[in-house]
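Thanks for coming. I will walk through a few local features of one structure, so please have the sequence and the 3D view open.

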Amino acid sequence: MAGAVTVRVAVIGGGPGGLYAAALLKRQDPAREITVFERNAPDDTFGFGVVLSDETLGGIEHADPDVYAALRRDFVRWDDIDIVHRGTRHTSGGHGFAALGRHRLLEILHARCRALGVRLRFGTEAPDPARLARTHDLVVAADGVHSGTRAAFADVFRPSVTAHRCRYIWLAADFAFDAFRFEIAETEHGVMQLHGYPFAADASTVIVEMREEVWRAAGFDGMSEDESVEACAKLFADALGGRPLRSNTSAWTTFRTVVNERWSHGNLVLLGDAAHTAHFSIGSGTKLAVEDALALAGHLGAEPTLDRALAAYEAERRPLVASTQRAARASLEWFENLARYLGQPPRQFAFNLLTRSRRVTHDNLRLRDARFTESVEEEFGCPPGTPPMFTPFRLRGLTLRNRVVVSPMDMYSATDGVPGDFHLVHLGARALGGAGLVMTEMVCVSAEGRITPGCAGLYTGRQADAWRRITDFVHRSAPGTAIGVQLGHSGRKGSTKLMWEGMDEPLEDGNWPLVAASPLPYRPGSQTPRELSRAQLTDIREQFTAAARRAARAGFDLLELHCAHGYLLSGFLSPLTNRRTDAYGGSPENRLRFPLEVFDAVRAVWPEDRPATVRISATDWAEGGTTGDDAVVLARAFAEHGADAVDVSTGQVVADERPEFGRSYQTPFADRIRHEVGVPVLAVGAISSWDDVNSLILAGRTDLCALARPHLYDPHWTLHAAAEQGYEGPGVVWPAPYRAGSRPPQTGRKDTAGARPGPPRAARG
């Protein structure tokens, strides 16, 4: 046999993942002795229907055509998703689902295992996993979310199990929904939702879910199983057509997300829910387990040793599972916070639900169901043929022609705080590139408030004149593009090297003294700042107002106050960096006091018709620091003091932070602030594609999208986004000298019978 030598194999757990792994391994090498231990009887199963993707089915077909053929005969397929809210149903098509009964799936896998010679031991607790590991070449632990194997070796696998906020129950109805159905019930106790889908010609899975506090208020905590089933049927009588629901030893439970630092230990390996879980709202539990089995068998057949096979299995599956778990968590949290979105226009609500996991986007939803997507755009106010990102947005007296913002990015290229030719080219290029708003880097309000010697400032007239040169260029050469200034003070993160010489490292010479809310260094080896006295607070407030006056005279269209990322004002807001015992420390209200004083002072001297925004860190990503709940308080306070929008970033406040990176990972904080505070927001953080921007804007999760690295990669990112979408409208304007390049260039010859090339656009040179 090629591959790792695994003659004796024990599988703990007879669910779909364990059974399929056993069948694949036996099919791969008939000489293997494989035993599956399952504590329950063969006819016992929990839940009702199982959804598998076309991708997973393709893997099954390739690995074991016999199993695929048996599954195919029983699959129910459908394309539509129905969203029912406040008596209105919206349908989106083209999604493509396949499902069958969990009981039938197990029957197919039981039969396949028996046919191949796998020993199935039902009603049998598996022996101790350590004992099995001594007597077998391989032990596959597929023993579920409450894995005893994982618990027995917790010091090795180092699991993290997170319980979430909703209660849910798996039920069934004896009829088939004609679509995947989401139905919302607004009750006197709170919001409840139904997830339903067919798994047979005459049966559907029904999951009822609600927040824990709603579940208790409705009295479900005191009901029997039969009473819960009857109550759920009454709540969703319209969706069920008055039909009853049935249970299968169903109980209300709380979803738990399982993550393990390691998936294998010696000859023992975790698979499926024992290794990881992902919320049912993206239909991924059985899918992930089956895909784990496919990968495990593949690497056992390909690698020369067991150690290498298990390492390769984990290396392949871990990033894919992590991506799925991020999507599942986004979906889970959307449903946890469902009440937040109930006031959205009906089509936008439906679009928001469909795109909640970020895996379905504006562009692929348009491909699946153009009519539905166009109806959402029309409700939103998009003119025909206009992507959401190219709709205008008004802040006070400033109307931005599109929703794209070039995010503030420190360039560390100024001399004595004076922006030079580099800044003119850098900001000018991005203004010519089509964004609605171009932001400067953090512009420092004093020499002592710089992060590095290369930081730009607005504390002298010479600096203001240099900025005027840049704003004049933008207004003259990129008419319709606004340019904003971000004012800030480095606080305890100042007097450091240029980023590319050593980020956050103290200067080797030429240091200047630092000040902060409290005398706490940013990290070991950093300079310890002095705690600001009241007199110094007054001086710094006046530095901000002087810089704001210069910014107004320099011609900036918008001003943003930097209260994020651990700089001076951010240092007052976070409990991790503000240990003061006076009126500027302690309670959230006190920690807000100085940043609000600065904002009020700046707003008072900033022209009335020009908007003023604030950037905050919505979480410190550290225990004891600012949380999402705190961020709502901060945003509301700034909004009440006249902030026209909140730029919602996260982190960079303490050096030992642990961010949860991922695609658009900061946007949920902006989404929450937008809906709970009612203030316009800018979303930022790993937003990289125009499809992401369109999706976030149309779903109502943000008003503007700020992109940084994409604009470093491509200064004309917005122009190219328009060209790639075939958009030619007022939301983006190609500079006259660039118009010849306003279509994507041909990348190679494509000979097609009867095809004739279109006329080239004129260009001289």
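In which helix does glutamate 377 lie? Glutamate 377 belongs to helix 15, which covers residues 370–380. Before going further, note that this is a predicted model.

Is glutamate 377 buried or exposed? Its relative accessibility is 7%, and buried means under 20%, so glutamate 377 counts as buried. Its side chain makes a polar contact, at 2.6 Å, with the side chain of histidine 362. Leaving out residues up to four places away in sequence, glutamate 377 touches His362, Arg366, Cys382, Pro388 and Leu698.

Take proline 388 from that list. Proline 388 sits in the loop between helix 15 and strand 17, the latter being 393–395. With 0% relative accessibility, proline 388 counts as buried. Again leaving out residues up to four places away, proline 388 touches His362, Glu377, Cys382, Arg403, Asn694, Ile697 and Leu698.

Next, a pair of helices. At what angle do helix 2 and helix 3 pack? Helix 2, residues 54–63, and helix 3, residues 65–74, pack at about 130°, and their axes are 5 Å apart. That angle makes helix 2 oblique to helix 3. On the helix 2 side, the residues involved are Leu57, Ile60, Glu61 and Ala63, and they meet Pro65, Val67, Tyr68 and Leu71 of helix 3. By class, this contact has 7 nonpolar residues, 1 charged residue and no polar ones.

Now the aromatic rings. The count comes to 26 aromatic pairs. Phenylalanine 599 and phenylalanine 638 form one of them, with 6.1 Å from centre to centre and 75° between the planes, an edge-to-face pair. Which parts of the chain does this pair link? Phenylalanine 599 is in helix 21, residues 588–605, while phenylalanine 638 is in helix 22, residues 628–640; the two are 39 residues apart, and the pair links distant parts of the chain. Both phenylalanine 599 and phenylalanine 638 are buried.

Another pair is tryptophan 621 with phenylalanine 669. The ring centres are 5.7 Å apart and the planes are at 90°, so this pair is edge-to-face. Tryptophan 621 is in the loop between strand 25 (612–617) and helix 22, and phenylalanine 669 is in helix 23, residues 667–677. Tryptophan 621 and phenylalanine 669 are both buried.

There is also a cluster of rings. Ring pairs link Trp78, Phe97, Phe180, Phe182, Tyr197, Trp334, Phe335, Tyr341 and Phe349 into it.

Last, two backbone angles. Which value does phi take at arginine 158? Phi there is positive, about 50°, although arginine 158 is not a glycine. Arginine 158 lies in the loop between helix 7 (154–157) and strand 10 (159–173). Its relative accessible area is 39%, so arginine 158 is partly exposed.

Threonine 249 also has a positive phi, near 50°, and is a residue other than glycine. It lies in the loop between helix 10 (237–240) and strand 14 (253–260). Threonine 249 counts as exposed because its relative accessibility is 60%.

That is the end of the tour.

Conventions. Residues are numbered from 1 along each chain as its sequence is written. This is a predicted model: local features need pLDDT of at least 70, side-chain atom pairs count only at pLDDT 80 or more; totals for chains, interfaces and linings use all residues. Side-chain values use heavy atoms; hydrogens and water are left out. Helices (H or I, at least four residues) and strands (E, at least two) are DSSP runs, numbered from the N terminus. Buried means under 20% relative accessible area, exposed over 50%, partly exposed in between (1.4 Å probe, protein chains only). A polar contact is a pair of N or O atoms within 3.5 Å; within protein, one must be able to donate a hydrogen and the other to accept it, and residues adjacent in sequence count only if both atoms are side-chain atoms. Contact means heavy atoms within 4.5 Å. Axes are lines fitted to C-alpha atoms, for helices over the stretch in contact, and angles run from 0 to 180 degrees between N-to-C directions. Angles under 35 degrees count as roughly parallel, over 145 as roughly antiparallel, 65 to 115 as roughly perpendicular and the rest as oblique. Ala, Val, Leu, Ile, Met, Phe, Trp, Tyr, Cys and Pro count as nonpolar, Asp, Glu, Lys and Arg as charged, and the others, Gly among them, as polar. Rings of Phe, Tyr and Trp (its six-membered ring) pair if their centres lie within 6.5 Å; planes under 30 degrees apart count as stacked, over 60 as edge-to-face and the rest as tilted.
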